Amino acid sequence: MKTLSKSDFQLASSCAKKLGYKKAFYPTNNDTNEYMEMLAQGGYIIGQMAKLYYPGGIEISGGQEQCFESTRKLMSQEDVVLFEPAIRSGQKIVRIDILVKERNKLHLIEVKSASYDSSDPKCKPKLAKHINDAAYQFMVLSEAYPDFEITCSLFMPDKFRRTAIEGLAGWFNIEKGKTINEENEDIITQQKSKFQKPNVVFKYENHPDKLKHVSQLVSNGILSLLDITEEVIALQFEINQKANVYLRILNEGITKADYQIGKNCKGCEFKSAEADKNGYNDCWHDLPSQEHHIFDLYYGGAIKNEEKEFVINELISSGKTSLFDFNPDQLKNKNGEAGARAQRQIIQIENTRQNSEWISPELKNKFDEFQYPLHFIDFETYTGAVPFHNGMRPYELIAFQWSCHTIKYKGARTEHKEWIHTGTMFPDSDAFPNFEFAKSLMQ
């Protein structure tokens with residue numbers, strides 16, 4: 001039976017055509033995207049931390065059918081907390097991060113490693129993507145358990161909260177896990193994953209004072225619940241309509257009315273090097289291939305006409321895919337003036353057409369204005385969901401390295417200085433590096 005998971009729903013919401021490519025196992029650019037995998041690992045750390053807030057929770061694991069059966073049996077208990085329970089309603093399936101059952105009440109908790117600011121009363125619109133994810137799970141859960149009262153929350157790092165725990169990041173260690181075949185919802189279009197689901201170990205898991213540390217984590221940690229029940233309920237009609245369309249596509253095939261080729265195709269994950277299964281080529285095969293493509297224009301996807309429609313979509317629908325199909329007049333504002341961005345776009349089009357370089361006539365004068373010594377400074381920073389030091393917020397910036405390359409006078413040899421805080425990435429280091437970074441650079 002073909003199924004529609006949360007990841008399937010997410011992907012189809014960006015482009016319904018991609019759903020077919022995913023189910024047909026087309027390769028994607030995310031198959032070798034190590035950065036995406038790193039972000040997913042960060043999500044597993046937050047996920048493990050979130051579970052500690054619910055002692056006694058039961059992890060659901062095993063094959064898909066085994067997970068459905070285990071969930072069904074455990075849900076017969078009057079009160080229970082489940083981690084990653086598998087819920088099914090017809091062809092729709094979801095794995096919920098944390099599900100709390102108290103008699104006839106269910107609390108659906110979606111854990112995210114992204115952050116929010118609980119002091120911001122307007123934070124929810126910024127979380128629309130995550131709320132939509134939760135809304136699909138809410139729909140499937142409410143269909144599977146129609147007689148229950150269901151509430152829904154996001155559980156996320158809260159940038160308003162400062163941890164009172166020194167070395168909190170060191171409380172969780174990532175160990176090499178096993179390669180997973182099941183879908184990784186943090187990399188929704190990764191098909192040929194070499195991703196290894198990390199084994200996240202709580203440092204005090206087998207410590208005699210584990211409960212003390214867990215209590216400290218709950219009191220002084222960085223996760224907060226955000227109630228999104230009202231927002232999720234308001235989305236149910238729209239989510240249901242979309243789900244019905246995607247299920248029809250899965251069961252009966254896609255029609256041209258279900259998707260549109262346009263500016264969003266530029267970032268298609270299915271633009272693979274494998275010629276026999278290249279989703280981008282499949283969609284664009286009737287359009288002319290260009291050496292200088294319409295997608296090459298600097299900020300070309302942002303240009304709108306007088307009707308506020310995207311010009312690039314108009315051109316593509318007319319079968320025009322060349323950089324030179326842009327009319328320079330379309331780049332100007334309603335007063336016929338070319339702003340800074342339009343000037344750059346016109347320069348790009350004209351010089352690409354002439355196969356020439358462009359050098360600003362002002363560049364030499366700018367160089368002449370420089371006063372020696374000249375200092376070329378490079379620095380490295382880190383932001384992470386889990387703070388390293390007492391008093392830090394989630395995703396607060398740590399500056400841990402700089403290098404400075406100085407030319408004292410015109411023609412002089414370059415002199416190099418550098419500094420690095422070697423303890424920044426080690427949990428046992430109690431030194432917050434930002435002040436030392438600034439002082440050493442000033443010196």
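Reading the labels in this predicted model

K6, E110, K112, K129 and D133 are joined in a network of salt bridges.

Q: How many salt bridges does the structure hold?
A: In this predicted model, the structure holds 22 salt bridges.

Q: What makes E84 and K51 a salt bridge?
A: The closest N and O atoms of E84 and K51 are 3.9 Å apart. The cut-off is within 4 Å, so the pair counts as a salt bridge. E84 sits in the loop between β2 (79-83) and β3 (86-89) and K51 in helix α3 (residues 34-52), so the pair ties together parts 33 residues apart in sequence.

Q: Why is K51 called buried, and why is E84 called partly exposed?
A: Buried means under 20% relative accessible area. K51 has 17% relative accessibility, so K51 counts as buried. E84 has 23%, which lies between the 20% and 50% limits, so E84 counts as partly exposed.

Q: Why is R103 called exposed, while D79 is called partly exposed?
A: Exposed means over 50%. R103 has a relative accessible area of 51%, so R103 is exposed. D79 is at 39%, between 20% and 50%, so D79 counts as partly exposed.

Q: What separates D368 and K364 in helix α12?
A: D368 and K364 are four residues apart in helix α12, so about one helical turn separates them. They form a salt bridge, with the closest N and O atoms 3.1 Å apart. D368, at 52% relative accessibility, counts as exposed, and K364, at 58%, counts as exposed too.

Q: Why is α1 called roughly perpendicular to α8?
A: The axes of helix α1 (residues 6-14) and helix α8 (residues 236-252) come within 11 Å and cross at roughly 90 degrees. Angles of 65 to 115 degrees count as roughly perpendicular, so α1 is given that label relative to α8. Where they meet, F9, A12 and S13 in α1 touch I239, K242, A243 and Y246 in α8.

Q: What makes F370 partly exposed?
A: F370 has a relative accessible area of 42%, which falls between 20% and 50%, so F370 is partly exposed. F370 lies in the loop between α12 (363-369) and β11 (374-382). Together with I359, L363 and F367, F370 makes a nonpolar surface patch of about 420 Å².

Methods: Residues are numbered from 1 along each chain as its sequence is written. This is a predicted model: local features need pLDDT of at least 70, side-chain atom pairs count only at pLDDT 80 or more; totals for chains, interfaces and linings use all residues. Side-chain values use heavy atoms; hydrogens and water are left out. Patches are made of residues with over 30% relative accessible area and no salt bridge: like charges are joined within 9 Å, nonpolar side chains (Val, Leu, Ile, Met, Phe, Trp, Tyr) within 5 Å. Accessible areas come from the Shrake-Rupley method with a 1.4 Å probe; for residues, only the protein chains shown count as cover. A salt bridge is a side-chain nitrogen of Lys or Arg within 4 Å of a carboxyl oxygen of Asp or Glu. Helices (H or I, at least four residues) and strands (E, at least two) are DSSP runs, numbered from the N terminus. Buried means under 20% relative accessible area, exposed over 50%, partly exposed in between (1.4 Å probe, protein chains only). Axes are lines fitted to C-alpha atoms, for helices over the stretch in contact, and angles run from 0 to 180 degrees between N-to-C directions. Angles under 35 degrees count as roughly parallel, over 145 as roughly antiparallel, 65 to 115 as roughly perpendicular and the rest as oblique. Contact means heavy atoms within 4.5 Å.
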